[in-house]
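Me: I have a two-part question list for this one, and I'd like to go through it piece by piece. Could you take me through it in plain words?

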Amino acid sequence: MQHFIAPRIENVSRRAMLRGMGITAGLVLAAPVLSRRGFAAYKTGADKMPHGTVNDPRVFVAIAPDGIVTIIASRAEMGTGSRTSLPMVVADEMEADWSRVHVKQAPGDEVKYGNQDTDGSRSMRHFLMPMRQVGAAARMMLETAAAKRWNVAVTEVKAVNHEVIHTASGRKLGFGELANDAAKQPVVEASQLQLKDPKDFRYIGKGKVSIVDLHDITTGKAMYGADTRLPGMKYAVIARPPVVGGKLVSFDPKDALKVPGVEKVMEVKGYPWPSKFQPLGGVAVIARNTGAAIMGRDALKVVWDDGANAKYDSVSYRAELEDAARKPGEVVRNNGDAEAALKTADKVVVGEYYLPHFAHVSMEPPAAVAHVTGNKVEVWAPVQSPGGTREDLAKTLGIPDSDVTVNVTLLGGGFGRKSKCDFVLEAALLSKAIGAPVKVQWTREDDVRHDFFHTVSAERIEAGLDKSGKVVAWRHRSVAPTIMSTFVAGAKHQAPFELGMGLVDVPFDIPNIRCENPEAVAHTRIGWFRSVSNIPHGFAVQTMVAEIAHATGRDPKEVLLELIGPARLVDVGPSVKDLWDYGEPLASYPIDAGRLRGVVELVADKGEWGRSLPKGHGLGIAVHRSFVSYVATIVEVAVDDKGKLTIPRVDTAIDCGTYVNPERIRSQIEGAAIMGLSLAKYGEVTFKNGRAMQGNFDDHPVARIDEAPMVTNVHITGFGPDTPPSGVGEPGVPPFAPALCNAIFAATGKRIRSLPIGKQLEST
Amino acid sequence: MIKLTVNGQERSWDGDPSLPLLWYLRDEAGLTGTKFGCGKALCGACTVHVEGQAARSCITPMSDLAGQKVTTIEGLDAHGDHPVQKAWREVNVPQCGFCQAGQIMQASALLLQNPHPSHDEIRESMSGNICRCGCYQRIEEAVRVAATGA
């Protein structure tokens with residue numbers, strides 16, 4: 001077993017709750033009024049994010065006279081480990097000893113900390129370099145302070161492991177002893193910063209540091225959204241309109257008020273759909289504890305007006321989407337002449353694929369605590385969007401941002417759901433209304449039924465083959481209601497950030513490629529779900545590759561490599577108006593067919609592609625570039641004669657560029673296999689009469705431990721300081737379901753074109 | 001008035017006897033380490049020990065607990081060093097961590113009943129506890145480490 005170094009930690013949210021927000025005594029690198037903005041040695045899309053990045057050491061680092069170094073984690077922690085990994089970058093670059101580092105969670109304040117939207121697999125991609133700069137500046141200020149103290153040239157001193165050493169004389173001063181003097185040094189200009197040579201990294205790339213919350217998590221002390229307790233706090237659950245766009249007509253609180261512990265029943269303001277992340281409205285039951293509030297809500301009688309989406313029905317909607325996919329739609333990419341090439345092709349392979357709505361179902365259902373006092377509000381909330389939540393609270397309550405404090409707790413899973421702060425706004429509205437702190441708790445049924453769902457989509461691909469079996473034409477139609485429909489009424493087409501997730505950026509070496517996006521109208525709230533449109537697009541593309549292999553009697557891996565083509569930077573051509581590329585500059589993050597080939601070849605090698613298997617077993621392979629990372633997966637599946645599937649082994653190769661914490665990359669990829677398995681086997685929310693028909697783990701199952709792969713191997717490649725870092729949290733998910741379903745085909749001959757798999761294997 | 005023992009401390013509850021133990025622990029006793037995940041004994045996030053046996057606190061009414069001994073994650077070991085907790089840290093199990101208190105309580109109850117569970121027994125016993133982050137591979141390994149000490 002590896003030995004891990006356990007740091008001490010502080011959590012601003014907990015401290016704030018216990019003794020009020022305050023600055024830790026002994027802070028000497030105090031934050032200035034205006035933060036210095038970050039620059040990057042390689043350009044990233046961070047500058048285009050709201051409030052960009054900040055690389056000022058005075059914002060992120062404080063050194064106490066006793067030598068304790070406090071480093072701010074400015075982004076949310078939902079399980080990816082960024083709350084550990086980003087401060088670890090600062091510590092490494094400044095030569096701090098991790099066992100003498102405290103990590104402190106920042107409140108929502110993007111002017112001070114830079115962008116805090118913890119989504120899009122961006123934390124390391126956008127903040128690795130600013131955090132290195134923070135650490136380097138702090139180190140150089142400490143070195144300057146020591147050199148002055150000793151009256152020697154700064155070139156003669158060196159920071160090593162929490163102290164500065166004068167090499168010639170052997171004199172040493174600890175960081176704590178230098179803290180006051182270091183704080184008086186001017187902050188080193190970004191252009192003058194000397195970053196460490198990567199070969200001298202002590203923590204970056206090593207995977208020897210465990211997450212800062214590990215001890216608290218294993219002892220029940222870790223603080224999540226519902227764990228804040230304030231004096232006089234009331235507990236609320238809310239009955240919300242069952243149909244999006246519906247509203248309250250009337251309610252009878254009589255029986256609810258009879259439940260012991262229920263104190264009040266009141267309306268919660270709703271906002272007309274679409275309204276971004278504003279609350280759905282409804283009726284709140286307020287009680288002395290959550291259990292009483294839930295029982296009170298069960299007794300509540302409410303009459304709703306279902307509104308315009310009352311007829312939303314997943315069966316008929318599926319037929320509409322599939323019909324649209326069989327007709328021409330808006331052309332979003334056009335190279336060569338795919339229409340003509342399909343007509344003259346020797347053979348055309350057609351695949352129609354369907355992927356339903358998914359619900360996020362993080363283990364922690366949404367919950368938040370709010371306390372409105374006078375014209376100010378303070379919240380404790382598990383939000384992926386600390387800055388956005390602050391802005392939305394200010395707008396909703398009609399107060400300036402400066403009167404809003406967002407304390408960020410740990411997130412009990414996020415997966416995109418907690419980028420939407422409706423549950424925090426509910427708590428704030430209720431606290432304002434009753435004049436007391438309020439905790440709003442969503443039940444699991446609330447979470448599943450009132451989610452911002454993953455879209456639902458029909459994908460249709462036609463591949464035209466020449467006589468030799470080579471693919472010469474590719475037409476992919478993708479029909480799915482867009483996330484934009486949650487923001488603006490009438491949005492009917494996928495946005496560039498959806499089209500760019502595996503549709504128009506398809507990296508294949510085919511002369512004639514045409515991508516189309518027929519219209520789709522949303523009838524519920526659509527939102528980001530881990531990996532987003534990469535799931536349906538990747539499923540369709542990677543299943544089609546295996547279908548082509550089968551149609552031509554060839555090995556799926558060989559066909560995949562042939563389609564990717566030679567190592568090159570892929571140019572999608574001028575017909576794609578906005579490639580998006582995850583918001584990154586293409587120069588830093590090109591679509592690199594060589595790296596895509598690289599993960600396929602690596603996983604085929606390590607995963608022993610082509611190995612002989614027992615009867616009833618099969619291997620499937622898939623690769624997908626998403627969040628500017630490259631991931632390939634091989635799944636071995638076993639299907640018994642009753643259709644029960646088990647997974648003896650999974651191998652995944654990831655190239656995410658320069659990496660910081662390989663131990664957490666492994667955990668993300670292991671988890672991505674489980675989430676991919678869940679969505680492939682079970683993931684589906686259906687609608688009837690406008691209502692979501694599932695509500696809890698009985699009718700919306702997710703994978704359990706007895707279904708987990710027996711072996712999960714993760715192969716990380718691409719570490720090198722010259723490759724900019726890319727995403728880790730999301731890219732593992734998209735290749736899993738197609739690799740699994742390709743394996744099922746290899747094992748059984750049954751082609752899965754519609755998710756979830758459900759009972760499809762039982763009929764074989 | 002219901003009298004019970006929580007983590008070795010005697011307590012009493014004179015409110016609604018049908019209140020699930022989960023909400024008594026979290027909202028009335030201030031022991032927030034036990035988590036709410038489903039409310040229907042489907043996910044195991046709320047697992048505690050009642051008289052040494054794993055129990056889903058979300059469906060256990062206070063009326064069932066008169067004279068009973070309840071142990072929560074906070075009381076599993078005074079220093080947080082129960083072999084299962086140590087194994088969880090050694091294997092670096094958690095991602096978001098939300099389900100882990102329930103997982104640890106389930107695993108520690110398993111090892112009380114069956115100190116040397118097989119691979120299949122670990123999977124079966126832990127299958128009532130959901131982890132959406134997907135730490136299952138490591139949970140299995142950590143239970144094995146806790147059982148074998150290596």
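Me: In what order do the elements of chain B run from the N terminus on?
Reply: This is a predicted model, and in it the elements of chain B run β-β-α-β-β-β-α-α-α-α from the N terminus on. That amounts to five helices and five strands. The radius of gyration of chain B is 15 Å, close to the 15 Å that the globule rule gives for 150 residues, so chain B is as compact as a globular protein of that length.

Me: And what box do its C-alpha atoms fill?
Reply: Taken along the principal axes, the C-alpha atoms of chain B fill a box of roughly 45 × 25 × 25 Å. Of the 150 residues in the chain, 61% count as buried, and among the contacts with a separation of 6 or more, 62% come from residues 24 or more positions apart.

Me: Which domains does the assignment give for chain B?
Reply: The domain assignment gives domain 1 (2-75) and domain 2 (83-148), and the C-alpha centres of these two domains of chain B lie 21 Å apart. Where they meet, 15 residues of domain 1 of chain B are in contact with twelve residues of domain 2 of chain B.

Me: What supplies the domain 1 side there?
Reply: Strand E3 (47-50) and strand E4 (53-56) of chain B each supply at least two residues of the side of domain 1 that touches domain 2, and the largest share, three residues, comes from E3(B). By class, that side of domain 1 of chain B divides into six nonpolar, eight polar and one charged.

Me: Staying in chain B, how many residues of helix H1 are buried?
Reply: Seven of the eight residues of helix H1 (residues 21-28) of chain B are buried, so this helix is largely enclosed by the rest of the structure. The buried ones are B:Leu21, B:Leu22, B:Trp23, B:Tyr24, B:Leu25, B:Arg26 and B:Asp27. Just after H1(B), B:Gly30 takes a positive phi of about 75°.

Me: What do those buried residues pack against?
Reply: Their partners come from both chains: strand E7 (234-239) and H9 of chain A, together with strand E2 (9-13) and strand E5 (69-71) of chain B.

Me: Switching to chain A, which domains is it divided into?
Reply: Chain A is divided into domain 1 (12-219), domain 2 (234-308 + 366-441) and domain 3 (314-359 + 452-763). The centres of domain 1 and domain 2 of chain A, taken over C-alpha atoms, are separated by 36 Å, while 21 residues of domain 1 of chain A are in contact with 21 residues of domain 2 of chain A. The largest share of the domain 1 side, four residues, comes from helix H1 (residues 12-19) of chain A, and that side divides into seven nonpolar, eight polar and six charged residues.

Me: Which strands does E14(A) pair with?
Reply: E14(A) and strand E17 (residues 438-441) of chain A pair in the antiparallel sense over four bridges, with A:Val440 in E17(A) as the bridge partner of A:Ala368. Five bridges join E14(A) to E15(A), which also run antiparallel, and A:Val369 stands opposite A:Trp380 in E15(A). E14(A) and E15(A) form a hairpin with two residues between them, and A:Gly374 in the turn has a positive phi of about 60°.

Me: Is E14(A) mostly covered or mostly exposed?
Reply: Strand E14 (residues 367-373) of chain A is mostly covered, with six of its seven residues buried.

Me: Last one: why is H12(A) called largely enclosed?
Reply: Nine of the twelve residues of H12(A) are buried, so this helix is largely enclosed by the rest of the structure. Its buried residues pack against helix H4 (110-113), strand E15 (376-381), strand E16 (404-408) and helix H13 (422-434) of chain A. Helix H12 (residues 386-397) of chain A reaches 16 Å from its first C-alpha to its last, close to the 16 Å expected at 1.5 Å a residue, and just after H12(A), A:Gly398 takes a positive phi of about 70°.

Definitions and conventions
Residues are numbered from 1 along each chain as its sequence is written. Chains are lettered from A and ligands numbered from 1 in the order in which they are written. This is a predicted model: local features need pLDDT of at least 70, side-chain atom pairs count only at pLDDT 80 or more; totals for chains, interfaces and linings use all residues. The expected span of a helix is 1.5 Å times one less than its number of residues. A residue is buried if 20 or more other C-beta atoms lie within 10 Å of its own, exposed if 12 or fewer, and partly exposed in between; C-beta atoms are placed from the backbone. Two residues are in contact if their C-beta atoms, placed from the backbone, lie within 7 Å. The radius of gyration is taken over C-alpha atoms; the globule rule is 2.2 Å times the number of residues to the power 0.38. Domain bounds come from an automatic or database domain assignment. Ala, Val, Leu, Ile, Met, Phe, Trp, Tyr, Cys and Pro count as nonpolar, Asp, Glu, Lys and Arg as charged, and the others, Gly among them, as polar. Two strands pair if DSSP finds at least two bridges between them.
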